[in-house]
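Visitor: I'd like to go through this one with the cut-offs on the table. Could you show me the model before I start asking?

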Amino acid sequence: MKCTKQKLAVRLCTLSLCWAAFFLHQIQWSVHECFSLLTVSEPRRKLRWKDESENIQKISGQGGQSMKTQMQIELLTGYEATFAAVMAELEACETGDEVLFSVYVVEPGPSSEALVSALAAAARRGVRLRLRTDCSVLSSFTRLCEGTTTLVYRLQQMRDEMPDTVVFEQPQIPTHAKLLTFRKLASADVAIFGGINFGDRFSSWRDFAIRLEGDAVVSELLSSLGWQQIPDSDDPFEARERQKNMADSADGALQFVTNRPQRWEWPAWLLSHPFQGEFDIAPEMLRFYSSFDFYRVAASYIDETGAAVLSKALERGARVELVMPWTPNVYADCNARTLGNLLAKWGGSGNFLLKLHRSMVHAKAVVAEGPSSKVALLGSCNLRQRSLEQFEELHARVTDQTFCATLWLELGQLLQEADKVEDPARLSFTPVMACLHDYFG
């Protein structure tokens, strides 16, 4: 009873603070709107994005043969590998190519400074840039909790200095997807996405990203998020070719799963209700954890909603091996409380293994092992209610066996390095802080 009253008091206090923040936000927006009416600003310039007809017209340097568009998929392990892959793609971009840079966090440091410089150099070469990063109250709150800063202002400066080639977008929805695409006129398009942000602080974090190569699969990825519409064609032959390229690009080895909120909704956020939109990741996770007998999972943050997802497998007697960080950068109390509850419920079943890593595990990845093959699910979405029901997220379901086998081994390595935890008492937390993490996470 005492715990219930405490939780209720925390919730009422939190709601009061959030309503105050809401009214301050509204006042700030009204002032901004009034100021905008008194100033004259240049209309926002939109970049033209290539459609599939341009991809079909790509030719190689010899013999006029169509370029190969068969999908290639590669697992990138850790910050250094992902950073190197991004820098290599940027340096390879030429005049007329297009780069989409959409991330959640860009923090100061030598690596991110080098990245911003490479973006600016590409724009000066005539590469068109679309820069997109989360500037919502959520990312501001996260920076406040962690005491970190951002390089968003550098991206905005780049837009101001080179408006003909650079667009900076501030989404009106909470976007947690981390995605870069490189759309090229003279070679195959490339996409890099997953859980990795940019900043030197993340260099030691354990995380994964996916590198995809192929014109059609990159178009399919952008279309899955609603960021590019695949146009219809009046030419039956061209339409058939486009459909064939889209269907064959992944060869059944890849499926994109996304969350696409329609707008920011203050009432739903304050009440922790789902936003309006298309949220496909949670249903896919529930199907995924209801279909196999053995799972290796790496996660950074978890609440009771995420625990319910994992329990879908444990309720069937499937084995779940979970690795998470001992000391996450945020939501530590909520993690400890939720993991303690999982251990109390499933620790004696013999099917649940919990290991905590001394390094910051930031991955959102799982591989399931079936009778004859493996399947992976990874991307940007955390095992938390707001990630699953409110945020824009990007995940991929991968059945390419080489990729899945590699990720299975990487997860095994993380599990081997981590400490086994069997006693919930080892997971200390403060109930008030756990409730706050629940609410603001």
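Guide: Glu 169 sits in strand β4; strands here are DSSP runs (E, at least two residues), and helices are runs of H or I with at least four, numbered from the N terminus. This is a predicted model, where local features need pLDDT of at least 70 and side-chain atom pairs count only at pLDDT 80 or more, while totals for chains, interfaces and linings use all residues. Residues are numbered from 1 along each chain as its sequence is written, and side-chain values use heavy atoms, with hydrogens and water left out.

Visitor: What makes β4 an edge strand?

Guide: Strands pair if DSSP finds at least two bridges between them. β4 (166–169) pairs on one side only, as does the other edge strand, β1 (72–77). The open sheet has seven strands in the order β1-β7-β6-β5-β2-β3-β4, with mixed pairing.

Visitor: How do you know that β1 and β7 pair, and in which sense?

Guide: The rule asks for at least two bridges, and β1 has six with β7 (residues 208–213), in the antiparallel sense. Gln 72 stands opposite Glu 213 in β7.

Visitor: Which strands does helix α7 touch?

Guide: Contact means heavy atoms within 4.5 Å. Helix α7 (residues 215–224) packs on the sheet and touches β2, β5 (178–183), β6 (190–194) and β7. Its direction makes about 140 degrees with that of β5; axes are lines fitted to C-alpha atoms, for helices over the stretch in contact, and angles run from 0 to 180 degrees between N-to-C directions.

Visitor: On to the rings. Why is the Tyr 439 and Phe 440 pair called edge-to-face?

Guide: Rings of Phe, Tyr and Trp (its six-membered ring) pair if their centres lie within 6.5 Å; planes under 30 degrees apart are stacked, over 60 edge-to-face, and the rest tilted. These two centres are 5.4 Å apart with planes at 85 degrees, so the pair is edge-to-face. Tyr 439 is buried at 1% relative accessible area, and Phe 440 is buried at 18%.

Visitor: What makes Arg 386 count as lying over the face of Tyr 439?

Guide: A charge sits over a ring if NZ of Lys or CZ of Arg is within 6 Å of the ring centre and within 35 degrees of the ring normal. Arg 386 lies over the face of Tyr 439 at 5.2 Å from the ring centre. Likewise, Lys 374 lies over the face of Trp 408, at 5.3 Å.

Key
Buried means under 20% relative accessible area, exposed over 50%, partly exposed in between (1.4 Å probe, protein chains only).
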